[in-house]
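Subject: A structure for you to look at

Hi there,

Here is the structure I promised to pass on. Please open it next to this email, and my notes follow below.

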Amino acid sequence: MATERTLSIIKPDATRRNLTGKINAKFEDAGLRIVAQKRIQLTKAQAEKFYAVHSARPFFGELTEFMASGPVVVQVLEGEGAVLKNREVMGATNPKDAAPGTIRAEFAESVGENSVHGSDAPETAAEEIAFFFSGLELVG
Ligand code: ATP
Ligand code: MG
């Protein structure tokens, strides 16, 4: 499998509980490299743009309000098959369904406040990385 990059977000429920380092350790232990990272706070409009694909879902308002409710850490993870590997490390969307040892099993508070976001395919990863990072910020 080829070296890939994927976009990860440590969500406001996790930054509020000071879990950035514990979550980053999970990525690094799985062989993912954090090749870019910054802590920012999204406006509601920016969260709506990022999650536009979910705009028709009933939880869209709740999701975008939550994502703008506190700081997030946006990061680019790199490694062999990084998109899928990251989703394995994250665990299922609903922490009740997440496998033991995954980030969401250990840290997520609910299906909405579930500690991390990860791109779902190489194509969306490229778009999501470009949403947050310029080429200059990606040093590898
Ligand atoms: P993400 O895209 O954040 O990595 P995901 O791919 O596992 O998560 P999606 O189906 O893309 O899940 O949903 C995007 C986000 O919307 C979820 O991570 C969660 O925060 C929120 N969400 C999904 N389903 C629900 C729900 N039933 N109620 C509230 N929020 C939800
Ligand atoms: Mg998703």
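Contact, as I use the word here, means heavy atoms within 4.5 Å. This is a predicted model, in which local features need pLDDT of at least 70 and side-chain atom pairs count only at pLDDT 80 or more, while totals for chains, interfaces and linings use all residues. Residues are numbered from 1 along each chain as its sequence is written, chains are lettered from A and ligands numbered from 1 in the order in which they are written, and side-chain values use heavy atoms, with hydrogens and water left out.

Let me begin with Ile23, which lies in helix H2 (residues 20-29). Helices (H or I, at least four residues) and strands (E, at least two) are DSSP runs, numbered from the N terminus. Leaving aside neighbours within four places in sequence, Ile23 is in contact with Ile10, Ala14, Ile103, Phe107, Ser115 and Val116. Ile23 counts as buried because its relative accessibility is 0%; buried means under 20% relative accessible area, exposed over 50%, and partly exposed in between (1.4 Å probe, protein chains only). Between the C-alpha atoms of Ile23 and Ile10, 13 residues apart along the chain, the separation is 8.0 Å.

Ser115 sits in the loop between helix H6 (103-107) and E4 and has a positive phi of about 70 degrees although it is not a glycine. Most residues other than glycine have a negative phi. Asn18, in the loop between H1 and H2, also has a positive phi, of about 65 degrees, and is not a glycine either. Are these two residues buried or exposed? Ser115 counts as buried at 0% relative accessibility, whereas Asn18 counts as exposed at 69%.

Now to strand E2, where Ile34 has its place. With 23% relative accessibility, Ile34 counts as partly exposed. Not counting residues up to four places away in sequence, Ile34 touches Asn24, Glu28, Gln75, Val76 and Leu77.

In helix H7 (residues 122-132), the buried residues are Ala125, Glu128, Ile129 and Phe132. Seen down the axis of H7, these fall within an arc of 105 degrees, so they line one face of the helix; the arc is that of the directions from the helix axis to the C-beta atoms. An α-helix has 3.6 residues a turn, so residues three or four places apart point the same way. Glu123, Glu127 and Ala130 are exposed on the other side of H7. What do the buried residues of H7 pack against? Their partners are strand E1 (3-10), strand E2 (33-40), helix H3 (44-50), strand E3 (72-80), helix H5 (82-90) and strand E4 (116-118).

In H4, the buried residues are Phe60, Leu63, Thr64, Phe66 and Met67. These fall within an arc of 160 degrees seen down the axis of H4, so they too line one face of the helix. The face of H4 turned away from the buried side carries the exposed residues Glu62 and Glu65. Among the elements that cover the buried residues of H4 are E1, helix H1 (12-16), H3 and E3.

On a 1 Å grid over the protein atoms alone, a pocket is an open set of points where a 1.4 Å probe fits, with protein on both sides within 12 Å along at least five of seven lines, and lining residues have an atom within 4 Å of a point. Of the 28 lining residues, Lys11, Tyr51, His54, Leu63 and His117 are the closest to the pocket's centre. The elements that give two or more residues to this lining are helix H4 (60-67), H5, E4 and H7, and H7 gives the most, with four.

Last, the aromatic residues. Phe50 and Tyr51, both buried, form an edge-to-face pair, 5.0 Å centre to centre with 80 degrees between the planes. Rings of Phe, Tyr and Trp (its six-membered ring) pair if their centres lie within 6.5 Å; planes under 30 degrees apart count as stacked, over 60 as edge-to-face and the rest as tilted. Phe50 and Tyr51 belong to one aromatic cluster with Phe131 and Phe132.

Best wishes
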